[in-house]
Amino acid sequence: MALELSQQLKLSQQIFMTPMLQQAIGLLQLSRLELLETVQQELVDNPFLEEDSGEDDAAENNPEIRQDGIDEDGYGREINCNADWEDYLGEFASTPCLLQAREFESSEEIAPLEGRCSAKPTLESHLLWQLCLSTMSETQKNIGEAIIGNLSSSGYLQAALKEIADMASCTVSEAGAVLERVQLFDPVGVAARSARECLLVQLKNLRYDRDPVLVELVESHLEDIEAKRYRPLLRKFRLDMNNLKKYLDIIQSLDPMPGASFGGGEPTYVSPDVYVYKIDNEFVILFNEDGLPQLHLSSLYHAKIKLTSEQEKEYCSEKMRSAAWMIKSLYQRQRTLYKVMESIVRHQQDFFEYGVTKLSPLILKDIADDIDMHESTISRITTNKYVATPHGIFQLKFFFNSGLELDDGSQVGSESVKAQIKKFIAEEDANTPLSDERIGEMLKRSLKVNIARRTVAKYRTSLDIPSSSRRRKYF
C-alpha cells in the first residue's frame, strides 16, 4: 500500500471566547454590589486604571505628553476611542439638564440604609455569655458549651443526650441536669428537642403548669389545635368556646422558636440598579451610580516608560488591554441595561401607570426582538438587578411572567392575577374566608379572566397563603 502526500483546502467556522469577552459577559450578570467589588478590585490590581476624582488628570493638563503618547502609540488611539465617556453621558442623559438637580434630590430620597445597621449578637454568644455568668461548676460549663454548640439556628438541640455526654465526658444524667438549666436561659425554651418540649418549658417558667388541661393540650393535642379541630377538644375537656379561647391565647403567646430572633437569617437590603420616575407624563430612566467609581485611563498610558525585559513589556501590555476592556465592558453593560429597561418600560406601560394589577404578560424573546439582542443576553442582564418604580422596588425578572386568556381575547399577566388574589384575601372577613372557587368568580368579575379553581389554589400556594379552612378564625 503506497503512501502519498496531498494538500486539501478546508473551510470551517469556529467561535473563540477570549478572556476579555468572558469578562464582559461576567460583568453583565453581576449585581450592583458585586460590580462595585469587581471595579474596586480592578482598581487595586491594575496600575493603568484610575478613578476619576473630578479633577483634570495629568495628561489632560499637559498637552505635550498626551499628544506624544497618542501619536507614538497606535493602541492608545483605540483605547481612547473605546473609552469615550462623554458619548456615554450624552447617550444616556434621557432628561433635560434643568431636571438634573431634581433627579439628584429624588435619588437621595431612596438612599440605601446598609450603613445604619449594627451587628447583632448571635444565639451562641448570647447563651455562652449567660453560661459564664451562671453559678455552674467548670464541669457543668463544659457540658453547657457542648449543648450550646449543638443548637440549630432556631434554638433546638440537634444532638441526643448520650452524644452530649460523650462530648463532655460525663454521664447522661449530668448532661440532662445541665440541659434543664440551659433551657431556662434567655430566651426560655432554647435547647429543647421538640416544639412540645419547648412550649412545656415556657409553661413551667410562667407557672402555668399547674393547670392540667393546659398541659395536656400542649402535650397531646398540638396537631388538633394546628388543624383547628376544636369540637373534639370541647367534648373531651368539657369546655365552652370562651374557655377554650383563653387556653389557646396562652399557647399562642408562647414562642415555638425562641432562638429564631438570633438566627443568621439577616435581612437582605436591596440597592436598585435603576430608577424610573414619572416626570411630566413621561417615564425617565436613571442609573444608580452611587458609589460606582467613574474610571478613566491612567496618565501612565501616555508617559514614556522604559521597559527593559520582555516580562515587563508583556505585563504592561496585558494590563493596558485589561484597563481598556474594563471601561468598555462597563460601558456596554450600562448600555445594555438601559436598552432593556427602556424596552420593559415600553412593554409594561400600564404597570408603571397603574400598578401591579396591570402587569402584562412578557417573555424574554419579546425584549430580545425589540432591541435586537439574544435572549441569553437579556437573561444575564436581568439577573440580580432591581428597579425602583413609583409602585415599589422590583427585580427585573418580575416583569417577565406568563399570561392568562381574557374574555375579549387579550391576556393578563399571572403576577397581576396573584396580586389581585392577595388583595381579595387581605380584605376578606376572617370569620368567613373566601374559598378558591369564590376567588375565581371574583377574578372573573374584576379582571374578566376565566380561571379554574385549581389555578387559584396554585397561585395562592405560591404566595404562601393557607387554604380558607386554615385562615378561618373562630374567635
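1. Helices here are DSSP runs of H or I with at least four residues, numbered from the N terminus. The model is predicted: local features need pLDDT of at least 70, side-chain atom pairs count only at pLDDT 80 or more, and totals for chains, interfaces and linings use all residues. Residues are numbered from 1 along each chain as its sequence is written, and side-chain values use heavy atoms, with hydrogens and water left out.

2. Helix α12 itself spans residues 195-205, and its buried residues are Glu-197, Cys-198, Leu-199, Val-201, Gln-202 and Leu-203. Buried means under 20% relative accessible area, exposed over 50%, and partly exposed in between, with a 1.4 Å probe and protein chains only. The cover over these buried residues includes α13 (212-220), α14 (222-226) and α16 (241-252).

3. Helices α22 (residues 436-447) and α23 (residues 453-462) pack at an angle of about 100°, and their axes are 8 Å apart. Axes are lines fitted to C-alpha atoms, for helices over the stretch in contact, and angles run from 0 to 180 degrees between N-to-C directions. The angle makes α22 roughly perpendicular to α23, a term that covers 65 to 115 degrees; under 35 is roughly parallel, over 145 roughly antiparallel and the rest oblique.

4. On the α22 side, Asp-436, Glu-437, Ile-439, Gly-440 and Leu-443 make this contact; on the α23 side, Arg-453, Val-456, Ala-457 and Arg-460 do. Contact means heavy atoms within 4.5 Å. The residues of the contact divide into four nonpolar, one polar and four charged. Ala, Val, Leu, Ile, Met, Phe, Trp, Tyr, Cys and Pro count as nonpolar, Asp, Glu, Lys and Arg as charged, and the others, Gly among them, as polar.

5. There are 11 aromatic pairs, with rings of Phe, Tyr and Trp (its six-membered ring) paired if their centres lie within 6.5 Å; planes under 30 degrees apart are stacked, over 60 edge-to-face and the rest tilted. Phe-351 and Phe-352 are edge-to-face, because their ring centres are 5.1 Å apart and their planes are at 85°. Phe-351 is buried at 0% relative accessible area, and Phe-352 is buried at 2%.

6. Phe-394 and Phe-398 are stacked, at 4.7 Å centre to centre with 25° between the planes. Phe-394 is buried at 14% relative accessible area, as is Phe-398 at 18%. One aromatic cluster is formed by Phe-283, Phe-351, Phe-352, Phe-394, Phe-398 and Phe-399.

Key:
Helix = DSSP H or I, 4+ residues; strand = E, 2+ residues; numbered from the N terminus.
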